[in-house]
Amino acid sequence: MQRSSYDTAAALLPLVGGPGNVTSVAHCMTRLRLGIAAPERVDAEAVRAVPGVLGVVTDGDTLQVVIGPGAVVAVTAEFEKLLDAAATAHRGPDDDRPGDFGSGAPLPDGPAPDGLRAPKGRGELREQPRRTRTRGRRPDHDAADLAARGAELKAAHARRNATPVKTALRRIADVFVPLIPALIGCGVLAGLGGLLVNAGWLPWLTPALAAVASGFMALISVFVGYNTAKVFGGTPVLGGAVAAVVVYPGVAKVTAFGVALAPGQGGVLGALAAALLAVGVEKWCRGRVPDALDVLLTPTVTVLVAGLATLYGLMYAAGLISSAIGTAANWLLATTGPLAGLVLGGLFLPLVMLGLHQALIPIHTTLIQQQGYTVLLPLLAMAGAGQVGAALAVYARLRHDTQLRTTIRSALPAGLLGVGEPLIYGVSLPLGRPFLTACAGGAAGGAFVGFFAVLGDRVGATAIGPSGWALFPLLTGNRGPALAAAIYAGGLLTGYAVGFLATYVGFSAAGVPGDPSPRRSG
């Protein structure tokens with residue numbers, strides 16, 4: 001019987017330290033993202049064992065629980081309901097004070113709704129599972145051993161990722177991740193509208209589809225400004241108000257550096273910079289304006305100063321940067337397509353582990369805003385194809401390792417749809433060598449797609465977020481979605497094949513006929 005979203009959320013809450021240990025709740029395409037007050041109170045191994053959880057990524061004070069597309073939305077909603085119920089019980093039904101769980105305040109030891117309690121120690125979180133021992137022989141790579149090794153590697157990566165630059169990148173990613181559902185929805189509608197126009201079908205409907213699909217992209221700068229202020233500690237609506245200057249049609253009457261501005265100039269980068277400036281101005285005012293005048297002066301000064309700076313500096317500078325990004329991406333693929341694809345497809349998995357992939361989100365969004373699609377995402381998606389190929393080789397090679405094969409069978413469907421964490425942290429990364437051969441598969445798939453870019457056939461995605469097979473509805477290109485889908489499918493097959501062969505041959509070179517023990521060192 002399929003586990004309900006409520007059951008999954010209720011099982012997760014005590015394992016992450018209880019309501020008092022959760023400082024924020026959000027989700028992206030596949031992950032429940034939790035801000036954690038005390039990371040040491042999180043039982044990551046137990047979280048990973050919850051049915052419905054595909055993987056766990058710890059990153060400093062952020063816990064990311066991989067649940068999968070669709071299901072993550074329902075689980076997040078149930079998780080937030082449990083937090084609200086616990087907060088209500090903590091402060092009492094007649095107490096109208098705001099709950100203090102968002103600040104990480106500890107939950108008292110008394111009962112909470114639905115029997116939830118804040119744990120005094122890990123022993124109260126769950127009954128420890130029994131481990132089965134095999135008599136007469138050492139068990140093959142059992143799931144517990146692989147999970148423990150994966151947890152160690154992730155903890156080490158999290159420690160390396162705790163740097164100011166990577167923290168800033170994570171916060172910038174937090175600005176754009178909430179926009180992904182709208183980008184996907186509008187991207188699918190834009191692709192559908194394009195198909196109808198090319199086929200000459202339903203001409204009465206295509207203008208309406210174009211309006212629905214384009215409305216969000218026309219105002220995306222406002223949403224970026226709103227989220228930026230929210231993430232960086234300002235008033236969200238002030239960030240949105242300043243960012244709205246970027247898309248206001250009246251900016252065409254303003255001249256900066258001797259050039260008339262254009263509505264939308266600078267795009268999301270200009271909106272991001274404008275909102276960051278607004279947050280800085282607002283914080284400066286909060287500490288200096290008397291309380292009696294704060295409600296009047298602080299918003300006025302924030303919008304005035306940040307708005308004028310946006311008009312007479314940020315829009316112009318961000319416009320130059322945005323144009324350079326689009327030009328560089330097109331030049332890179334047109335002149336060095338196979339090499340660019342090889343490098344991007346081969347290095348994307350390590351970039352994810354280092355947390356540097358988050359820097360690509362504003363670049364993707366800028367390209368979508370400029371050109372209607374990002375040419376980088378299909379190349380990067382090849383990393384997932386190499387991962388799937390490597391996992392299939394492990395499955396075929398290690399026929400007697402039933403537990404590892406069970407792990408691969410359960411994680412493979414998600415991997416085919418672009419959710420690679422279960423395969424990465426449950427199979428290839430703990431084993432070592434398959435992770436490198438997966439990168440080789442991704443490099444080959446990226447080179448395949450890049451080769452066609454040199455021939456003038458660019459493949460792009462109208463939204464970010466999905467990968468693998470889930471990216472097909474979002475594919476387009478300079479010569480139409482059909483050719484783009486065919487090239488992308490060829491890249492996936494190349495990634496699968498090279499990832500499989502490199503991993504399979506690697507086992508043979510290491511002298512591994514079916515016993516996984518020689519590959520422990522990676």
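**Ground rules.** I am reading a predicted model, in which local features need pLDDT of at least 70 and side-chain atom pairs count only at pLDDT 80 or more, while totals for chains, interfaces and linings use all residues. Residues are numbered from 1 along each chain as its sequence is written, and side-chain values use heavy atoms, with hydrogens and water left out.

**Entry on T366.** I placed T366 in helix 12 (residues 360-371). Helices here are DSSP runs of H or I with at least four residues, strands are runs of E with at least two, and both are numbered from the N terminus. T366 has a relative accessible area of 2% and is therefore buried. Buried means under 20% relative accessible area, exposed means over 50%, and partly exposed is in between (1.4 Å probe, protein chains only). Setting aside neighbours within four places in sequence, I found T366 in contact (heavy atoms within 4.5 Å) with V268, L269 and S322.

**Entry on T298.** I found T298 in helix 11 (residues 291-354). Is T298 buried or exposed? T298 counts as buried because its relative accessibility is 0%. Its side chain makes a polar contact of 2.7 Å with the side chain of D294. A polar contact is a pair of N or O atoms within 3.5 Å; within protein, one must be able to donate a hydrogen and the other to accept it, and residues adjacent in sequence count only if both atoms are side-chain atoms. Beyond four places in sequence, T298 touches E282, C285, R286, V289 and L293. I also noted 8.5 Å between the C-alpha atoms of T298 and V281, which are 17 residues apart along the chain.

**Entry on the cores.** A nonpolar core is a set of buried Ala, Val, Leu, Ile, Met, Phe, Trp, Tyr and Cys residues joined through side-chain atoms within 4.5 Å. The largest one has 65 residues, and I220, V224, V394, L471 and Y488 have the most contacts inside it. Helix 18 (residues 481-509) gives the largest share of this core, six residues. I then listed what Y488 touches beyond four places in sequence, including P378, M382, V459 and F472. A second, separate core has 24 residues, among them L15, A46, V56 and L82.

I traced an open sheet of four strands with the order 1-2-4-3 and antiparallel pairing. Strands pair if DSSP finds at least two bridges between them. Strand 1 (22-27) and strand 3 (55-59) are the edges, each pairing on one side only. Strand 2 (residues 31-36) is joined to strand 4 (residues 62-66) by five bridges, and G35 has T62 as its bridge partner there. Five bridges also join strand 3 to strand 4, with G55 partnered by V66. Four of the five residues of strand 3 are buried. In the hairpin of strand 3 and strand 4, two residues lie between the strands, and G60 takes a positive phi near 65°.

**Entry on confidence.** pLDDT is the predictor's confidence in each residue, from 0 to 100. The chain averages 82, and 82% of the residues score at least 70. Helix 9 (residues 236-247) has the highest mean, 96, and helix 4 (residues 143-161) the lowest, 57. Over residues 96-141 the pLDDT stays under 50. Where pLDDT is low, the predicted coordinates should not be read in detail.
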